[in-house]
2 protein chains.
Amino acid sequence: MPAIRSALLAAALLAGTAAADAPRSDAVIGYRQSIFKLILWNYQPMGEMVRGKRAFDAQDFRKRAVRIAFLSQQLGEAFPEGSNSGAMTDALPEIWKQPQDFRAKLGDFQREAKALREAAKTGDQVKVKERFAKTSATCKACHEKYRAE
Amino acid sequence: MPAIRSALLAAALLAGTAAADAPRSDAVIGYRQSIFKLILWNYQPMGEMVRGKRAFDAQDFRKRAVRIAFLSQQLGEAFPEGSNSGAMTDALPEIWKQPQDFRAKLGDFQREAKALREAAKTGDQVKVKERFAKTSATCKACHEKYRAE
């Protein structure tokens with residue numbers, strides 16, 4: 001009987017902990033989804049300019065490239081241990097199983113986003129297109145491995 | 001009869017336009033809610049430092065102040081005409097009824113966020129607390145009038 005009671009108590013405590021942790025996990029997930037939403041908001045029109053689907057506006061492109069580089073840095077605190085539960089998330093558990101590889105891939109994106117920003121400052125469309133392709137490749141490399149379809 | 005037909009046609013066209021605009025409106029709403037989420041994510045720990053609920057970390061405070069100032073600028077394109085429908089939004093229609101006043105209040109926040117960033121660079125806690133209170137007042141002034149409870 002004491003064994004059952006302590007098992008029930010342990011279960012209750014665990015449930016209590018999970019409930020207490022949930023809002024925090026949800027908050028982190030909301031935070032990182034918001035970062036990705038802002039990145040996408042700015043990246044889409046840049047892509048349209050690169051692909052010639054809208055006129056290339058060097059000033060607008062540069063403004064958005066600065067934002068992408070800035071936002072990419074905020075991803076650094078967006079994947080703490082334990083934040084793959086709670087609210088709906090596309091982040092795969094592999095992120096926390098292979099943290100070094102994940103951090104390396106995030107670092108690739110941050111580095112390329114900076115290089116894209118610098119290219120955008122020159123206004124040289126050839127350079128910009130090259131760097132845009134390289135940045136997109138870092139997005140893809142991470143999404144393929146660490147994001148659910 | 002032609003009058004009825006053209007009225008029906010006009011209604012159909014309007015409905016078509018509304019349907020075509022809906023995803024765009026949802027995207028804008030998602031974009032601006034994401035900006036506010038990132039602002040809040042960074043502003044909350046700053047508030048805790050200001051109120052002495054966590055140790056004042058000048059470097060961390062400064063980093064977050066830079067983000068707030070940066071994000072505040074992105075709100076400029078977050079309230080286009082017609083973006084008060086579609087997905088759930090707390091933005092009140094008054095925003096688009098009194099655009100000049102709304103823009104002025106948004107401008108107040110952007111200006112104060114910059115001033116807070118500059119104060120944060122000095123690391124002077126007295127200055128920082130003063131500016132933080134002023135920034136918070138600009139948040140409140142806009143929320144009271146233009147955000148649903």
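**Helix α2 of chain B.** I started with α2(B), which covers residues 58-74 of chain B and so has 17 residues. From first C-alpha to last, this helix reaches 25 Å, close to the 24 Å expected at 1.5 Å a residue. I note here that the model is predicted.

I then looked at the start of α2(B), where a side-chain oxygen of B:D57 comes to within 3.1 Å of the backbone nitrogen of B:Q59.

Which residues of α2(B) are buried? I listed B:D60, B:F61, B:R64, B:A65, B:R67, B:I68, B:A69, B:L71, B:S72 and B:Q74. For reading such a list, I kept in mind that an α-helix has 3.6 residues a turn, so residues three or four places apart point the same way.

**Chain A against chain B.** I looked up the contacts next: 19 residues of chain A touch 19 residues of chain B. The two chains bury about 1700 Å² between them, with 66% of it on carbon and sulfur atoms. On the chain A side, A:L38, A:W41 and A:F70 lose the most area to chain B, together 37% of what that side buries.

I found 6 salt bridges between chain A and chain B. I checked the pair B:K63 and A:E77, whose side chains form a salt bridge at 3.4 Å, N to O.

**What chain A supplies.** In chain A, α1 (2-50) and α2 (58-74) each give at least two residues to the side that touches chain B. I noted that α1(A) gives the largest share, 11 residues. By type, the residues of that side divide into 9 nonpolar, 4 polar and 6 charged.

Notes
Residues are numbered from 1 along each chain as its sequence is written. Chains are lettered from A and ligands numbered from 1 in the order in which they are written. This is a predicted model: local features need pLDDT of at least 70, side-chain atom pairs count only at pLDDT 80 or more; totals for chains, interfaces and linings use all residues. Side-chain values use heavy atoms; hydrogens and water are left out. Helices (H or I, at least four residues) and strands (E, at least two) are DSSP runs, numbered from the N terminus. The expected span of a helix is 1.5 Å times one less than its number of residues. Buried means under 20% relative accessible area, exposed over 50%, partly exposed in between (1.4 Å probe, protein chains only). A polar contact is a pair of N or O atoms within 3.5 Å; within protein, one must be able to donate a hydrogen and the other to accept it, and residues adjacent in sequence count only if both atoms are side-chain atoms. Contact means heavy atoms within 4.5 Å. Buried area is the accessible area (1.4 Å probe) that two parts lose on being put together, summed over both. A salt bridge is a side-chain nitrogen of Lys or Arg within 4 Å of a carboxyl oxygen of Asp or Glu. Ala, Val, Leu, Ile, Met, Phe, Trp, Tyr, Cys and Pro count as nonpolar, Asp, Glu, Lys and Arg as charged, and the others, Gly among them, as polar.
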